[in-house]
Amino acid sequence: MTAALSGIRVVDFTHVLAGPACAYFLGLLGAEVIKVESVGKGDAMRHRGGSDAEKSRAGMSTAYLTQAAGKKSIALDLTSREGAEVMRRLLGWADVLVENHRPETLQSLGLSETQTRAINPRLIHCALTGYGRGGPQENAPAYDVNIQAASGLMTLTGTAATGPMRTGAPVMDYSVALAAAFGITAALHHRGQSGAGAFIDVSMLETAFTLMGSTVTDYLATGQRPQPRGNAANSRSPGAGTFPCRNGMLSLGVNEEAQFAALARVVGRECWLSDARFSNRQCRNTHAAALETELRSVLAERDAETWEPLMHEAGVPAARLRSLPESLELPQARARGFIHTDPETGLRLPTLPFRINGAKVHAPAIAPPRHGADSAEILGFLGYGDDEIKGFLSQGIVQQADAG
């Protein structure tokens, strides 16, 4: 089966997590991706992130490896006249440029959206920044944790006792990557109809607002400031939340009448259905504390591991609280093949959370590249001769990775 983005050529001029992840997702769908890195150390994420210090020292940290497969790497000095020309040739070859640099940085390199459009009018130029273009913060630097703080997301996480907390994983980076990939595929579709390229302006801040969409709407409609709810469900239903069991914890999503009836039956408390305090959602909301007390009491009679399959069989939305290692071993996760094992290196990598036309998995075609691993090869297909390539290497305009 031909991959959805087969034939699409992507220049990945990004660093850290969000930008590289966007280009990685495009590569998983068949795009040809060339990662442009600076000479010297290259993408800073090669050397930090993750718990394997040895891999980080070698420029292949686990944080880098997560979104590096399926790409070729060229290490290029863009501040040199020759390096800038190599980049222009790459952009003339490409369908898509993904970058996550501040506008002032791009302008200094001759790579603003106006300049890239002049190089290649059909180019889809996708820019990922902390706050989006325009406005007083367009050049402000930002990482995932900064956007969680700036957007209000941190104030919704945790409890009144803990105070604001960031999420345990860089969810902003990866959600921005998905948003950017969505924008790119839409722009490619439009180009297929119009023939024209596009500039895509992706804001991390606005992506955070999007992730909180219903909360944003509720605040704007009611003026009620949202409060941290801990493990309570966003639905505010008293039968929804995370509850302790004899061993472990169980997350329940009981929001509808049929779900509450099924819950009452599966825990052996059919009496709740005739109890005036719990007869409908309004009554349950009024007597939420009493319902929670009874629910906690009955759930404490068994382990979460026992309750979960009983809830599923009865049609009650429920999940046992698991660690990440436990979750990755779920039969469902293993059956779907979300984790791809690279046949060359044995590296195990996350892929995409969807499948097109029944594909078993959308997997990277090649292992993550070392810094500048493909510099000479890329220069060759751009039309540079052997002597020019040797000259570039000797002058430090490009850098080629050592074998190993």
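## Ground rules

Since the model is predicted, local features need pLDDT of at least 70 and side-chain atom pairs count only at pLDDT 80 or more, while totals for chains, interfaces and linings use all residues. Residues are numbered from 1 along each chain as its sequence is written, and side-chain values use heavy atoms, with hydrogens and water left out.

A pocket here is an open set of points on a 1 Å grid over the protein atoms alone, with protein on both sides within 12 Å along at least five of seven lines; lining residues have an atom within 4 Å of a point. Volume is the space filled by probe spheres set on the points, which are joined across faces, edges and corners. The largest pocket comes out at about 970 Å³. Its lining takes in 30 residues, and T66, F338, I339, L349 and P350 lie nearest the centre. At least two lining residues come from each of α1 (18–28), α3 (62–65), α8 (171–194), α15 (324–328), α16 (331–336) and β11 (348–350). Those labels are DSSP runs numbered from the N terminus: helices are H or I with at least four residues, strands are E with at least two. By class, the lining of the largest pocket splits into 20 nonpolar, seven polar and three charged residues (nonpolar is Ala, Val, Leu, Ile, Met, Phe, Trp, Tyr, Cys and Pro; charged is Asp, Glu, Lys and Arg; polar is the others, Gly among them).

The second largest pocket holds about 450 Å³. It has 20 lining residues, with L156, T215, Q227, R229 and N234 the closest to its centre. Helix α10 (residues 213–222) gives the most to this lining, with three residues.

A cavity is a set of grid points where a 1.4 Å probe fits but cannot get out. There are two cavities of 30 Å³ or more. The largest cavity, at about 40 Å³, is lined by E113, T116, R117, N120, L123, H125, A198 and F199. Both α6 (113–119) and β6 (198–203) give two or more residues to that lining, and α6 gives the most, with three.

The second largest cavity has a volume of about 40 Å³. Around it sit S237, P238, V254, N255, F260, R281 and R284, which divide into three nonpolar, two polar and two charged residues.

## Two helix pairs

Take helix α11 (residues 257–266) and helix α14 (residues 304–314): their axes come within 10 Å and cross at roughly 135°. Axes are lines fitted to C-alpha atoms over the stretch in contact, and angles run from 0 to 180 degrees between N-to-C directions. α11 and α14 are therefore oblique to each other (under 35 degrees is roughly parallel, over 145 roughly antiparallel, 65 to 115 roughly perpendicular, and the rest oblique). The contact (heavy atoms within 4.5 Å) involves A262, L263 and V266 of α11 and W307, L310, M311 and A314 of α14. That contact has seven nonpolar, no polar and no charged residues.

For helix α7 (residues 144–151) and helix α9 (residues 204–211), the axes come within 9 Å and cross at roughly 60°. That angle makes α7 oblique to α9. D144, I147, A150 and S151 of α7 meet M204, L205, A208 and F209 of α9, a contact with six nonpolar residues, one polar and one charged.
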